[in-house]
Amino acid sequence: MLLARIALKASQLFRSGIGRVSGCPPRSVDARLPVWRSLERRGLQTSTGKKAPLRLLGIWMAGCAGMVVGAVVLGGVTRLTESGLSMTEWRLIRDMRLPRSEAEWEQEFSKYRQFPEFKYVHREITLDQFKFLYAMEFSHRLWGRVTGIVFALPLLLLYRKIPSGLRPRFLAMGGLLGFQGFLGWYMVKSGLEQPGAEIPRVSQYRLAAHLSTALLLYVCFLWTALELLLPAVAIPTGLASFRRLSVLTGSLVAGTALSGAFVAGLDAGLVYNSFPKMADRWIPDDLLSLQPLWRNLFENPTTTQFDHRVLATCSTLSAGALWILSRRVALPQRARLATNALCAFILVQGSLGVATLLLYVPVALAAVHQAGSVSLLSLCVWLVHELRRLPK
């Protein structure tokens, strides 16, 4: 037995040496480390050592990430159905239940009738129609509050079991979650304070801030969940270019999603409903119609749609280059799976975007497109996470 073990060890050393000499990736490219050990390498030891419930913490973080996805999709549907301004007040506890009596419904409807959206957009709606608008906004707000509870209660119960190096991150995520709630009401107020507007709408700047904070929070939750749930994989050398391209692709995907907030805020999906040209031109005449010129990037519906198209095209080309490069390098199994999934799904997402544009932004399809943007961002985060280097 002893001789057999010595021979096996010598064989392993010989094979790894050949790999280094020949420039080939070592056979241990998929060697995995226990999650607790990879945390130790990053200086994130737990207060209770190896037996800390890392899997439980990871599942909790994944659940929080899922709650944020639900909030983003509900927010998109609320925007698409023009329901976001139906609740004219912000009350932390009272807003967690619907009006119970007909008198309470009439009271809320009376408040709504005092604001510009009723006067200029929904002047003919009935109480029953208002109930639908109110229920949509109520669902979005309630989901946000439940998300806060899903995060805060386990944080109080499990705080001592969180790895000490991760505690500042968890506290920062809690602060970001609270700030996200504030941004939501700050955004709604911008649509309620437009006495002379023909078409009252929330500020596209505040909408973009609200969405970007939600996506940042989602990425933090997802990254932490992956860190706690997936065993680390040894990454071979020679992947610097691939890693940089994966980060670039993820940045382009995130930028495309954020540009979509300006498209939604300006209803820019309802102009130039043709593809690939905008009407009969590649570059429309009114692309730079506002002065100063920088305003076109954020306030001109034509420019925001043009930017969204360009960013989406660049994201697709970058993902294509990533896939081609992945054929030429040695990747761990999960990293290759993430690459293939990303490159396939970006084609699906692009098709959804084109269909949404050509069909004049139907609610169901637009909601699926928005959910697709979060899914695509998730694949980018997964890939970048798989390619991270561990300290030695």
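Author: A residue is called buried under 20% relative accessible area, exposed over 50%, and partly exposed in between (1.4 Å probe, protein chains only). This is a predicted model, in which local features need pLDDT of at least 70 and side-chain atom pairs count only at pLDDT 80 or more, while totals for chains, interfaces and linings use all residues. Residues are numbered from 1 along each chain as its sequence is written, and side-chain values use heavy atoms, with hydrogens and water left out.

Let's start with Ile93. Its place is the loop between helix 3 (54-80) and helix 4 (102-112); helices here are DSSP runs (H or I, at least four residues), numbered from the N terminus. Ile93 counts as exposed because its relative accessible area is 63%. Ile93 also belongs to a nonpolar surface patch of about 870 Å², together with Trp90, Leu92, Met96, Ile149, Leu153, Leu156 and Leu157. Such a patch joins nonpolar side chains within 5 Å, from residues with over 30% relative accessible area and no salt bridge.

Helix 4 brings Glu102, Trp105, Glu106, Glu108, Phe109 and Tyr112 to the contact, and helix 6 brings Leu127, Phe130, Lys131, Leu133 and Tyr134. Contact here means heavy atoms within 4.5 Å.

Further along, the loop between helix 9 (240-265) and helix 10 (295-299) holds Pro276. A cis peptide bond links Phe275 to Pro276, with omega about 10°. Pro292 is in the loop between helix 9 and helix 10 as well, and a cis peptide bond with omega about -10° joins Gln291 to Pro292.

Tyr360 counts as exposed because its relative accessibility is 52%. Val361 lies in the loop between helix 12 and helix 13 too, and has a positive phi, near 55°, again in a residue other than glycine. With a relative accessibility of 23%, Val361 is therefore partly exposed.

How values were computed:
Patch = residues over 30% accessible without salt bridge, like charges linked within 9 Å, V, L, I, M, F, W, Y side chains within 5 Å. Areas by Shrake-Rupley, 256 points an atom, 1.4 Å probe, with all protein chains shown as cover. Salt bridge = Lys/Arg side-chain N within 4 Å of Asp/Glu carboxyl O. Helix = DSSP H or I, 4+ residues; strand = E, 2+ residues; numbered from the N terminus.
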